[in-house]
Amino acid sequence: MSMSYPTNGRSAPNARAERISRPVLNIYIGTKASYAGLWIAKYELPTLNRADQERVGSLYLDLEPLSEEIDRIHQETSDAAPMIKQTLRFPDLSQYTEGLPQEQRVWLQVSNPYGTRLPEYTRMGAGGIRQNGHGAIAYNSSIIEQHLEALLNNISAVDSAGHAPDTDLMTINIVCFLGGGTGSGSLPALTALARHVLRKQNRGGNIFVYAMLPVNVGNVAPERQTLQKSNSLAALLELEALMLKGDDKSQAFIMDLGNRQIRVPGGLVDEIFLFDDTQLGDQVDQMAQLIGMAIAMRMQNLSGIGKKEQAVRPDLTALQEHDDGGLITNVGSVCPLEVVFPAKDLATGFARRRAEALLRQATEGGALDYREQDLLRNQVCPARRVMEVFHISDRERRAAPEPRRWGSASEIIQAVNRYSTVVEQRFQEQKDEALKEQLSALDGVFQNGVWASSLPRMKAVLELFEEEYKKVKELTFASGAMMNRVSPDQMAAMNDRQRKAYYGQACSEELQRHRIVASNAVADTLIQELEKRIRMVDVMLTTLRYTQQRWEADHSESPEMRGQLTQEHPYRHNVFDPAAIPDPNAINELDTAVTTSEADRILKSALERMAGALGSDERSARETAGREATAMMDNMIAAYHRALDEMRLLEVIQLVYPKDRAQQEAALANHMRWMATTSRSTLRHDPSLWGDQAHRQLEVRAHLAVDYEDERERQSVERARQSTGGFGGRGVGYVPPGELLQSNDRARLQLLFSHHGVSLSAVPFLSDAAGGCVKSLKDRQKIWEMQGGIPVFSSNVMQDLVLRPGAFFDPAYEKAMQGGASAVPAPAPTMTGYGDDLAPGAYGQPGNQSGYGQLGNQSVYGQPGNQGSYGQPGNQSVYGQPQTPPSPYGQPPTSNAYGMPATGPYPAQSPAGSQMYGAQATPPAPPITQPRNLVDRVERRARN
């Protein structure tokens, strides 16, 4: 497949390399699981290019209305990735099930001696009842199947770059919380439905389950803890039962989901990753973040850890074996850890600090020295040119020519008045031109960064200009001549020479009077404008100072500059963590290297725009100042983004410690020691805690990936890695440092510490008989059978598959029956209590096998006739024992694995020959010598 994006991430500026070639569909069941989807959408998908985003689909399923935040985050950060939300609702199923045949009803009903229960829709989700979650999937299977098909078609289509992804193999990740009813109840059916859709579309692919176990139960009521623990184990055992049935090649196993039948294939689920209490954090939302990071690492199969995971996946298929109890060993755990260079958050932090400094610079200082004042007065200020701009041409002078013959005095006065009108009109035109010119000169002063470097400095310039225009008025009034006009009689008495002199003097005085009036008008207008602008400067200063104080109160120091992350959680580590880079001033080296003149340019542009708004009103000035402060912050963020976004993590460390390779490698080693220590301290992720309980095929891997540019950088990372040591404790669980992988994720140093090939019986949280999930499941099943209430299992079929001894191959029992060293005679038929339920006829001994729903003389879950086992014909019994009469679900059974009476109705006391749950059997049978149900097999390791 041709690639349109460079895989090294450096060929094109600001271009993100392609990282995903294999389409990925992530399914989130329930509210708690949706946190993982939100993490991926908010913090992982935005780091991918658009073509990669188009290859990642998301399906959110819940019985409760899904949060609107899902839509908002997907639209804001990853709008190219297809996403569907579906709230699962269903009506009263009484009439619905009446129209179904019996072999389909048993997939919805759960029976006990007191009757049959159907799934019920509640306004509080599944209400912790697994059957409700299963019923929601069964009833809505059609719409879920349509969503799955639509999303798979969407993410496998030709992307925006014009290339078709690798659709031969796809990945489906299912995320759920097993403590409630929605995730634990729907998980088995949904995995079968997802595999069915892949097979229907003739697609190969992997299905991975990321299951959160119930933790942090300190404030949870004991009965709620019991419910959550039993839900977790019941969901995993039902999934285990389906996988064991799918692996049975002798006959097909059909699951009925409502009105559709699904064949359960072999390899139903490739791997189940379990997440529970760790020393890093036990909150469910933190586990969801952990899952989101793990999925993000593994799905990027063209880069770093994801690429390595795809390469070793064929090797891991050898781990799909069985433990010595017959349980599938496809359980694992992952601990993803990251050291990140948070370019986006750090850019915001740098910009915040620099913008606050720019606001202080814009609102402080402003004094002008004497040289600047002289320069302003003599060369820049236009006030002194006011008197010079008013002049008349010869044409205006000839407007009132000197008469050849002097007439009466009135004629001379009229000539003077006519001349005065012409001058006044001319000076009025020149006054408008002078106002425009001098206002333009005033605006031009603040286009010079020398005079507009701060608002107080701009105010000082305006005040100096105001003084100069006031001096203009003083000078014009002082030079104004007194106009002594004579009366017409006096004018008539003058001789011609005097009249002529008077006429010239009168015209000169009229010219001067108009010049003074026009100059004062210009000065008055400019003084008024300057006073207005000074007021606007004061308004802007008040606004900016208030903004600065508010910013400083909101964030005195950016958390990224203290080695923290904006979204702090225990699995991500800031590259500037004090433990790795203890010098708090080292980060300033990066700031200095990133930008020097950008801040000055941004401040100059902001002040120029504020200077341009000085002629507005106070409201506009206040809005302009607030807008420019915000723009100053945004522009600084954008400037730092441009500088930081393309930086690699190793390059950042080199900038912090320039020309000091030893310190650079020491910082890397400190980060890797944090990774090693953290991975060792996780309760779930330390294989040494399992010891010899772990399966012999346990595979522990540690993948380390970073973007290194050349051999020098690679060797530096290798030296730091070797100095760190391995991941996991020395001894059983020790893992070498791991192979260093080349990644094109420039901002991260990633570690994926993972285990593969684990059995459910090797997980202490599940198998601990004293306080783990096994005891909780037993206690709840006993209550369900004796009192009713909340069922443990999702359906009659799943309840029987999990609890019926001998339903699946049991290698330990086969070894005992073949006369091995631990062989012990089978217990007597009367031993029917829990753990002692072997009877003649089981595993090839005399007696008939039992079967489910195949044609022949048989009974399907309580129908008339002889009871039959899954797919076996003939006259048979449920547990491989002769059974007279057959026992339907909901009716008194003939024998029961959990200590119920072997015959007759359920009495208050157990008859002879039966053992109630928890009662002492006589004599006790060694547990290794009898066939086990799945609960026994999980518990056997801890018990032995």
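**Exercise 1.** Is M786 buried, exposed or partly exposed?

*Solution.* Next, recall the classes: buried is under 20% relative accessible area, exposed is over 50%, and partly exposed lies in between, with a 1.4 Å probe and protein chains only. The relative accessibility of M786 is 31%, so M786 counts as partly exposed. Finally, M786 and N112 are 674 residues apart along the chain, while their C-alpha atoms are separated by 8.0 Å.

The model is predicted: local features need pLDDT of at least 70 and side-chain atom pairs count only at pLDDT 80 or more, whereas totals for chains, interfaces and linings use all residues. Residues are numbered from 1 along each chain as its sequence is written, and side-chain values use heavy atoms, with hydrogens and water left out.

**Exercise 2.** Describe the chain as a whole.

*Solution.* Begin with the secondary structure: the chain has 30 helices and 15 strands. Then consider burial: of the 944 residues, 56% are buried. Turn to contacts, meaning heavy atoms within 4.5 Å. Among the contacts with a separation of 6 or more, 79% join residues 24 or more positions apart. Last comes the surface, computed by the Shrake-Rupley method with a 1.4 Å probe, where for residues only the protein chains shown count as cover. The chain exposes about 38,700 Å², and carbon and sulfur atoms supply 48% of that area.

**Exercise 3.** Determine how strand β1 is covered and paired.

*Solution.* Start with its residues: β1 spans residues 24–29, and six of its six residues are buried. In a regular strand, side chains alternate between the two faces of the sheet. On one side of β1 stand V24, N26 and Y28, on the other L25, I27 and I29, and all are buried. Now examine the neighbours, given that two strands pair if DSSP finds at least two bridges between them. β1 pairs in the parallel sense with β6 (residues 169–177) over six bridges, and also with β2 (residues 56–62) over six bridges in the parallel sense. L25 illustrates both pairings: its bridge partner is I172 in β6 and G57 in β2.

**Exercise 4.** What is the orientation of α1 to α3, and of α20 to α22?

*Solution.* Axes are lines fitted to C-alpha atoms, for helices over the stretch in contact, and angles run from 0 to 180 degrees between N-to-C directions. Angles under 35 degrees count as roughly parallel, over 145 as roughly antiparallel, 65 to 115 as roughly perpendicular and the rest as oblique. The axes of α1 (residues 31–44) and α3 (residues 69–77) come within 9 Å and cross at roughly 20 degrees; the two helices are therefore roughly parallel. In their contact, S34, L38, A41 and K42 of α1 meet E69, I70, I73, H74 and T77 of α3. For α20 (residues 586–594) and α22 (residues 618–644), the angle is about 95 degrees and the axes are 10 Å apart. α20 is therefore roughly perpendicular to α22. Here L590, D591 and V594 of α20 meet Y640, A643 and L644 of α22.

Definitions and conventions
Helix = DSSP H or I, 4+ residues; strand = E, 2+ residues; numbered from the N terminus.
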